[in-house]
Amino acid sequence: MGNQTGGVMMVNRRSQSVYDKKRGTIIGCLAPGEDLIKGIKKVCQEHQVTAGTMNCIGSLSHVSIIQLNYEDDQMFYSHPIHWNTPVELLSGHGVIGHDEKGELDIHFHGVFIDHRKTINGGHFLEGTNTVAITIEYTIYVVDEAQPIREFDESTGFRLFNFHNKGDIQ
């Protein structure tokens, strides 16, 4: 059972997930205090998922994102932008794959609203987006493909390229 603290109900909620292998879908939630992206990576590792997509909703106690900027005909990402107040995550979507070193990687974008009712969003940074109450998510697992995020010379960004698993050495 939870207890009341400063107008906020504190609960002893834990992260949990269920993998429906027949449908290739994981559904679950992340607990308060857990990092959004690190938490999803942990779920993927627990269920041995190396590729897929995800979506989620919920709340975060603070947020750090970067956003695309455009100046002098050049596209580039902003410095990290931080919100140190709780926000409601209205919609979050990501691609799950690997980076060039073979480490699990998630490219995640989301839209959120803060306590001032201001909507914002962008590319979420790992290790800086902490769950406030819950994040409820669905992961759609892909078995025969492997996204690999690699530096793309033509754009100057690290982008996912999509490969058949059988073609990867």
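Figure 1. Helices (H or I, at least four residues) and strands (E, at least two) are DSSP runs, numbered from the N terminus. This is a predicted model, in which local features need pLDDT of at least 70 and side-chain atom pairs count only at pLDDT 80 or more, while totals for chains, interfaces and linings use all residues. Residues are numbered from 1 along each chain as its sequence is written, and side-chain values use heavy atoms, with hydrogens and water left out. The chain contains 1 helix and 14 strands. Its radius of gyration is 17 Å, close to the 15 Å from the globule rule for 169 residues, so the chain is as compact as a globular protein of that length. Here the radius is taken over C-alpha atoms, and the rule is 2.2 Å times the number of residues to the power 0.38. Along its principal axes, the C-alpha trace spans about 55 × 50 × 25 Å.

**Figure 2. The nonpolar core.** A nonpolar core is a set of buried Ala, Val, Leu, Ile, Met, Phe, Trp, Tyr and Cys residues joined through side-chain atoms within 4.5 Å. Buried means under 20% relative accessible area, exposed over 50%, and partly exposed in between (1.4 Å probe, protein chains only). Of the 169 residues, 38% count as buried. The largest nonpolar core holds 27 residues, and those with the most contacts inside it are L36, F108, F124 and I139. At least two residues of this core come from each of β4 (25-30), α1 (36-46), β5 (52-66), β9 (87-99), β10 (104-114) and β12 (130-141). What does L36 touch, leaving aside its neighbours within four places in sequence? Its partners are L30, C56, L60, F108, F124, N129 and I135, where contact means heavy atoms within 4.5 Å.

**Figure 3. C56 in strand β5.** Let us zoom in on C56, which is found in strand β5. C56 counts as buried because its relative accessibility is 4%. Not counting residues up to four places away in sequence, C56 touches L36, L89, S91, G92, F108, I135, E136 and Y137. Take I135 from that list: C56 and I135 are 79 residues apart in sequence and 6.6 Å apart in space, C-alpha to C-alpha.

**Figure 4. G58 in strand β5.** Is G58 buried or exposed? G58 lies in strand β5 and, at 9% relative accessibility, counts as buried. Residues up to four places away in sequence aside, G58 is in contact with V87, E88, L89, T134 and I135.

**Figure 5. Two loop residues with positive phi.** Now for the loops. Q48 lies in the loop between α1 and β5, and D72 lies in the loop between β6 (68-71) and β7 (74-77). Q48 has a positive phi of about 55 degrees although it is not a glycine. D72 also has a positive phi of about 55 degrees, and D72 is not a glycine either. Which side of the cut-off does Q48 fall on, buried or exposed? At 72% relative accessibility, Q48 counts as exposed, and D72 is exposed with a relative accessible area of 66%.
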